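Biologist: I would like a close look at a single part of this model, taken slowly and with its surroundings in view.

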Amino acid sequence: MIAFLQSCGERRLAFRPQDLDVRPQDSKTGLASLRAKLEIQRSMSIATQRPTVAEIDLGALRSNFRALRAVAAHGELMVVVKADAYGHGAVTVARTLLGEGCRHFGVATLDEARELREAGVRTRVYLQAGFFAEQVAQIVALDLTPFVFDASMIGLLDGAAASAGRKDFPIHIKIDSGATRLGVMPADIPDVISAVRNASSVRLEGVCTLLANAGDPKSPITDAQLRVFNDAIGTLNAAGMKPSVIHVANSAALVLRRDSHFNLARPGLAIYGLPPVTAVRERVELQPVMTFKTRLMQIKRAPAGSGVGYGHTFVAPRDSLIGVLPVGYADGYRRGLQHGGEVIVRGARAPVVGAVSMDLTTIDVTDIAGASVGDEVILWGEAGGEVISVNDVARLAQTISYEMLCTVGKRVPRVIRS
Ligand SMILES: Cc1ncc(COP(=O)(O)O)c(C=O)c1O
């Protein structure tokens with residue numbers, strides 16, 4: 001006890017530069033590399049910043065990309081980098097996978113697309129999640145490939161492409177094959193056909209759909225959707241339209257449903273090393289890309305009966321040591337994790353106790369021998385043989401891993417490691 005009290009405030013915390021494997025953000029120039037290195041070191045210095053960080057393992061990212069590309073019947077992937085690459089950093093992910101030969105990236109919004117373009121990503125960038133009529137000029141200006149969800153958008157895109165002097169601006173039609181979300185209903189395909197026929201400056205390059213239940217490899221919903229989708233392609237073909245790029249599969253379908261592969265797949269979650277369902281983990285080796293971590297900021301002696309945090313939702317049942325972490329729900333560490341959440345300290349699990357607040361979280365370190373201020377604390381990730389997966393954390397927070405990843409807060413620096 002005395003030892004830990006003495007250690008409070010005395011221990012100097014610093015990340016050692018030699019711990020870092022700094023990869024150039026832009027491999028073309030040494031200057032960019034140096035800038036990246038300085039930026040990472042700055043972001044990792046406790047003298048200037050909280051040590052609450054999301055570490056991004058680019059080696060794991062590359063490995064997942066290769067593993068998934070090997071599964072794809074056609075070997076082509078459109079990597080989904082929307083929502084800042086599921087919280088991992090869209091520019092970092094895109095640049096890294098460009099180096100692996102990825103030539104297709106999917107985003108949800110114009111701003112996300114603009115960020116990639118401004119970072120120098122010149123490959124195909126697909127606008128997957130819809131757009132408004134007012135945005136067609138920007139879509140053309142940014143040279144995006146939109147997923148067209150309504151036939152009326154084809155004429156608008158055609159006008160914008162013509163105004164920009166484009167002759168064969170590629171578009172993909174998103175068919176609603178049964179998800180009842182964004183997409184052209186099969187009954188409206190004749191409208192698509194006539195809009196494409198009337199167009200002079202757009203080219204129907206691709207056709208795609210979204211599966212509602214890809215996580216279940218035997219799902220009759222997927223069977224029915226694929227039938228509807230294939231029929232829709234048949235209707236287009238019968239009208240003399242033969243889109244050359246056909247894509248359906250998300251991560252789960254890529255691994256579990258070969259009949260959904262066509263000639264391009266659109267994995268997101270699995271690229272970041274997380275299986276959308278257990279069956280995916282059994283069939284392809286994935287490595288989590290993000291480790292969310294912080295450090296112990298204070299250790300409190302809490303006599304039995306002490307109430308901890310807002311509302312005293314936890315009352316120490318014994319004389320306890322309560323660790324205070326500089327992380328909270330504003331960082332994406334969900335409030336619901338006060339019920340059963342755990343972290344890793346010194347290779348052992350410690351429970352979250354008391355309410356997770358906006359900036360701080362309290363954990364019980366009574367049973368962690370030698371726990372000290374400055375100790376690394378893994379919120380999710382692996383340390384000393386213990387693993388806390390994002391899926392585990394998501395389950396406790398009553399959400400899904402997708403949401404956990406993309407709500408890691410803006411104020412959490414993404415730190416690149418390999
Ligand atoms: C149209 C579309 N394709 C692909 C994906 C990637 O899905 P997953 O992350 O499950 O691989 C998404 C994700 O939301 C999507 O909306």
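Which residues of helix H6 (residues 110–118) are buried?

Modeller: In this predicted model, the buried residues of helix H6, which spans residues 110–118, are Glu112, Ala113 and Leu116. Seen down the axis of H6, these buried residues fall within an arc of 100°, so they line one face of the helix. On the other side of H6, Asp111 and Glu118 are exposed. As for what the buried face meets, the buried residues of H6 pack against two helices and two strands, namely helix H4 (82–87), helix H5 (90–98), strand S3 (104–107) and strand S4 (124–127). After H6 comes Gly120, which has a positive phi, near 90°.

Strands S3 and S4 belong to an open sheet of seven strands, ordered S2-S3-S4-S5-S6-S7-S8, in which the pairing is parallel. Strand S2 (78–80) and strand S8 (245–247) stand at the edges of this sheet with a single partner strand each, and therefore one side of each is left without a neighbour in the sheet. From one strand to the next, the twist averages 30°. H6 packs on the sheet by touching S3 and S4, and the direction of H6 makes about 145° with that of S3. Elsewhere in the sheet, strand S6 (residues 169–175) and strand S7 (residues 202–209) run parallel and are joined by seven bridges; Ile175, for instance, has Thr209 in S7 as its bridge partner.

Note on methods:
Residues numbered from 1 in each chain as written. Predicted model: local features only at pLDDT ≥ 70, side-chain atom pairs only at ≥ 80, totals over all residues. Buried ≥ 20, exposed ≤ 12 C-beta atoms within 10 Å, placed from the backbone. Helix = DSSP H or I, 4+ residues; strand = E, 2+ residues; numbered from the N terminus. Arc of directions from axis to C-beta. Contact = placed C-beta atoms within 7 Å. Pairing = 2+ DSSP bridges. Axes fitted to C-alpha atoms, helices over the stretch in contact; angles between N-to-C directions.
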